[in-house]
Amino acid sequence: MKKVSILVPETAVASAVVDPRYMFTAVNGFFRNAGHRPFFDVQTVGLTKEVRLNDGLVSIHVDRVLTDVEKTDLIVIPAISGDISEAIRRNEDFYPWIVAQYQRGAEVASLCIGAFLLASTGLLDGKSCSTHWLFANEFRARFPGIQLADDRVITHQKGLYSSGGASTYWNLLLYLVEKYTSREMAIIASKFFLLDIEKNSQLPFSVFKGQKDHGDDLILAIQEYIEQNYANRLTVDMLADKFGIGRRTFERRFKKVTANTLVEYIQRVRIEAAKKQLETGRKTVAEVMYDVGYVDPKAFRDVFKRIAGLSPVDYANRYN
């Protein structure tokens, strides 16, 4: 049997503890129904025997305390809530244990913004991971040595797994079921839980807000100008002249604080505006294209699909 240790961190999201347990125990039930022995040995693990969550509304009595777990095969780190800095600090005692278990052969999976805890172990340094798109800027600022794949629902590298935002962790759980058991068992689980087994991008769900907590007043002014004038013709040279900054310095400084090139930033602002119009308005795709500053249908379609994960028509059909 594969031993699965679901951590119960301080400030964990309760459902992100309960749902993995439900998934793995349900799969055990599928094995029993087929006349086989259960595949997973599932346990919850905390720093203390009782972990109180949601301001005391939820109390989880764990199966094992951390110091009693000598060996495990898979560690699941649930999503956390509240202040991220506080959550990272309050769960420090987990990190050496996670590293030690990984070095002994265990695999580690983080769910949603549980990636902040996994990243705090140092195991993700030089690697890639996913997390909730809403926290992408904060993650990049905190962990510059980690490549954030904020468009992906699942990342997997050297026994380290991570999922995108919110309910996408169900897709990671399915992925782990398939890896440890079989495709057939993952399909059974996907049907039981009514999950799309092939969901692989969170781009259609993301909202671009830009990185603005950088303290660079000039770049912030330029960002605000772009967001107010995205429908107009905007170029690097024009913006550099308008704000009195050399082009090379401008491009380097902008990329450093926003994690986007200037062209990427303009594209993202325009596509976010287009998404909102397609969600709420009655305009055609062509009308929206012109409204946000594009004149070439192919260029608009290509940029929209790259950023939003869907074509403009498919996006409108889904959300309008």
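1. Ground rules. Since this is a predicted model, local features need pLDDT of at least 70 and side-chain atom pairs count only at pLDDT 80 or more, while totals for chains, interfaces and linings use all residues. Residues are numbered from 1 along each chain as its sequence is written, and side-chain values use heavy atoms, with hydrogens and water left out. Helices (H or I, at least four residues) and strands (E, at least two) are DSSP runs, numbered from the N terminus.

2. Seven strands make an open sheet with mixed pairing, in the order 5-2-1-6-7-11-10; two strands pair if DSSP finds at least two bridges between them. Strand 5 (64–65) and strand 10 (154–157) are the edge strands, each pairing on one side only. Helix 1 (residues 14–33) packs on the sheet, where it touches strand 1 (2–7), strand 2 (40–46) and strand 6 (74–77). Contact here means heavy atoms within 4.5 Å. The direction of helix 1 makes about 165° with that of strand 2; axes are lines fitted to C-alpha atoms, for helices over the stretch in contact, and angles run from 0 to 180 degrees between N-to-C directions.

3. Inside the sheet. Strand 7 (residues 107–110) and strand 11 (residues 160–163) run parallel and are joined by three bridges. Ala109 has Tyr161 in strand 11 as its bridge partner.

4. Helices 8 and 10. Helix 8 (residues 217–228) packs against helix 10 (residues 247–258) at about 85°, with the axes 10 Å apart. The two are therefore roughly perpendicular, a label for angles of 65 to 115 degrees (under 35 is roughly parallel, over 145 roughly antiparallel, the rest oblique). Leu218, Ile219, Ile222, Gln223 and Ile226 in helix 8 face Phe250, Arg253, Phe254, Val257 and Thr258 in helix 10 across the contact.

5. Helices 11 and 13. For helix 11 (residues 262–280) and helix 13 (residues 297–308), the axes come within 10 Å and cross at roughly 90°, so this pair is also roughly perpendicular. Among the contact residues are Ile271 and Leu278 of helix 11 and Phe300 and Phe304 of helix 13.

6. Positive phi. Asn54, in the loop between strand 3 (50–53) and strand 4 (58–61), has phi near 55°, positive although the residue is not glycine. Asn54 is partly exposed at 44% relative accessible area (buried is under 20%, exposed over 50%, partly exposed in between; 1.4 Å probe, protein chains only). Leu194, in the loop between helix 7 (183–193) and helix 8, also has a positive phi near 55°. Leu194 counts as exposed, at 75% relative accessibility.
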